[in-house]
Amino acid sequence: MVLPQGFFLLFFLLLLLPLTLNKLSLQHFFTNNSANITYMKKFLFALLSCLLVMSCDDGPTVVDYSKPNKDKEPSEPSNPDNSDLYGTLPILHTDGRWLCDENGNHVKLHGFWQTYTPWFNGGAWGENNWGGKDYEKCVAYNMRIIDEVLASGLKVDFMRMHMDPYWFISDGRGDAPVSQYFSAKLMKDYFEKVYLPIIKHCNSKGLYVVVRPYPCGEEKSDFLKYGDGFFTILEEMWEYFSTHKYIRNNADVMFELANEPVNIDASSDGGDRSKAVSRYMQHFINLIRENCRNIIWVPGLTWQQEYNSFVTYPLEGENLGFAVHCYPGWYGSDAEKSTGENGGNMGEGVGGGYESFQAGWNSSIAAAAELHPIMITEMDWASAKYNKTWGKSFTGVAGGTGFGANFKYIVDKCGNVSFITFTAPNDLALYPSMSQGGTVNYWNDPEACPWQIYHWYEEYAQGRVQPESAEYLKIGSKTPKINIASGTSRDLIVNAFNDKVVFPLQYGVELESANPSVVRVDGNKIIGVSEGETVVTARALGKETSCSVVVTSLFPVVKGVFDVNIWETGTLDENTRTFTTGKYGFAGWKFDGLDISTHKYIVVKLGDKTDFSCNPSFRLFDKGYWDGAAEYNITSTDEVKIDIASMKRSDGGSFNTKHVTIVGIWTLGGKPVQIDDVYFED
């Protein structure tokens, strides 16, 4: 039993009471002796005060929810490890690859963004320049836009908040180097005046906020360097944010460590960019973790496209995720026009449909997504004619061409991806009025992102990734026929359409092959059994559709079977059987475990159009792409005959000829390679 604090003082005074009464005779007590009366008044006041203290201690505790209360223990904590996090919204944390709520349920967030400068706000509250910081008008305008976005019916649960240099630059200039103009005093002052009121407004409206510092780099190159001026600025900003009385351990507010780093100085890490960026980000994770446990979203290099660095050099700490950017033309996706920021291993082409996009995602994001949850903090698409989006592409269908539908299919399939629409907030607010009517525009064009996003978000808000009914189904492919090689398999992606909205179906699809001896069905996969052609029918949501499937020889040089994007982004001309790879790229065929042990030789012949200066190398894999291969250089159009029984991996290990996963050709990149034939000889 715990006694209230006032009890002990009361007990002490009661012990003194007899002594006091003994000191004061009744005669003295009932006289008008002012000294005695004053003495008794003081005693009775002390006694009453003790009673009040005891009464207060015995009642409910008043908690100030404007800051964490580490002393408050929940009666039945659902997640004791996060007991020092608090918030007005469900408290989120990360658990391995998942973002979870307090009950362990997997959570995926869907949101929008805001930034707070006259330029990004269309001059709504000030001139489009670096002068005139009218913060009251800025806050009023952006709060109104938030309310209008929510009133428009967009089902969002988070907002990405951009920390723009506009408010933190001392002389009103945006020129680099930023450390010359950055003012910690202004940063703190305008955070309180601009950002904090909007954060609180969002939280009150049911929105989590992801706070993002302004764009990376001491110079305009977005080049990171450990210990430089921009590094110091980030230290000042994160030290301030992570100790702020409203933000510290407030689970309603999350952190995105930096925005779009492109490259990094790796000289202190032996030239290893992966090691350098992991060390850089770990520094800020450690800094923040000294102060709070808010969720941290970590960016990768190349405008937030490279994440294998963190697979090679894993980050340490809790409540971590990866902040990814994804635009048309990136990761091998389809684009009407390149953003010019593909870089790295993303290539510069406009993509090759679903297969290319999925391969790019797998090579850059998939491994990292097994470690931590993903939040895509920039993504949009629309035709360039609208001049509304950063990404220039069209919705298309999953499994075929286009960016939007393939994006949805890939992130839903990955399973642990939250994402944002980078549609301008003022345009989102206009959706209810602009999406009506028969004239096609940016808001009602089903090939642009607003129409799809509004409907997708509505399904997500209902706890679904797809609708419960459909007007019609469509199998995603570039042609009415799907090519598949004998002995290989692929997903047959079915799209459901409702009111011009495309929903790539993740579940509930039944496939049936008209000739299982040609094509066999296994779940949502079709498997090529023998050369020929048959019809596969798909049924879902009370509707059905079908397509023709052609099973080719084992090594055909046709789109949909021959993959030019296994590593890097390449091109293919089916008519001449000629391809190119990206830099140090690889193209070929993928299998679920092809048994070649019954054959004696595998023969490779290249054609006259081959430019051998790209050093083509024929390679076979029995595991993953990075697990070693049997390698054979090709220096002429003369055939290369490989003795299968004597195959060895380049690392000296034995090769499992009963489980071949990838076969193809590696090149330095950028030069044509013509495949004459690849076949077995016994």
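Rings of Phe, Tyr and Trp, the last by its six-membered ring, count as a pair if their centres lie within 6.5 Å. The legends below refer to a predicted model.

View 1. The protein chain has 682 residues, of which 54% count as buried. Its secondary structure consists of 14 helices and 32 strands. Of the contacts between residues at least 6 apart in sequence, 70% join residues at least 24 apart. The chain exposes about 29700 Å², and carbon and sulfur atoms supply 51% of that area. Searching the whole structure gives 51 aromatic pairs. Two of these pairs are shown in the next two views.

**View 2. The ring pair of F191 and Y240.** A pair of aromatic rings is described by the distance of the centres and the angle of the planes. For F191 and Y240 the centres are 5.7 Å apart and the planes stand at 90°, so the pair is edge-to-face; planes over 60 degrees apart count as such. F191 belongs to helix α5 (residues 184–204) and Y240 to helix α6 (residues 229–243), so the pair ties together parts that are 49 residues apart in sequence. F191 is buried, with a relative accessible area of 0%. Y240 has a relative accessible area of 15% and is buried as well, because buried means under 20%.

**View 3. The ring pair of F419 and Y460.** The ring centres of F419 and Y460 lie 5.9 Å apart with the planes at 80°, so this pair is also edge-to-face. It links distant parts of the chain, 41 residues apart: F419 is in strand β12 (residues 417–420) and Y460 in helix α14 (residues 449–461). F419 has a relative accessible area of 0% and is buried. Y460 is buried too, with a relative accessible area of 11%.

**View 4. An aromatic cluster.** One cluster of aromatic residues is formed by W113, W119, F120, Y327, W330, Y331, W361 and F422. Among its members are the tryptophans W113, W119, W330 and W361. The tyrosines Y327 and Y331 belong to the cluster together with the phenylalanines F120 and F422.

**View 5. The charged end of K193 over the ring of Y190.** The charged end of K193 sits over the Y190 ring, at 5.4 Å from the ring centre.

**View 6. The charged end of K500 over the ring of W451.** Here the ring belongs to W451, and the charged end of K500 sits over it, 4.6 Å from its centre.

Note on methods: Residues numbered from 1 in each chain as written. Predicted model: local features only at pLDDT ≥ 70, side-chain atom pairs only at ≥ 80, totals over all residues. Heavy atoms only, no water. Helix = DSSP H or I, 4+ residues; strand = E, 2+ residues; numbered from the N terminus. Buried < 20%, exposed > 50% of the residue type's maximum accessible area, 1.4 Å probe, protein only. Contact = heavy atoms within 4.5 Å. Areas by Shrake-Rupley, 256 points an atom, 1.4 Å probe, with all protein chains shown as cover. Phe/Tyr/Trp six-rings, centres within 6.5 Å; stacked < 30°, edge-to-face > 60°. Lys NZ or Arg CZ within 6 Å of the ring centre and 35° of its normal.
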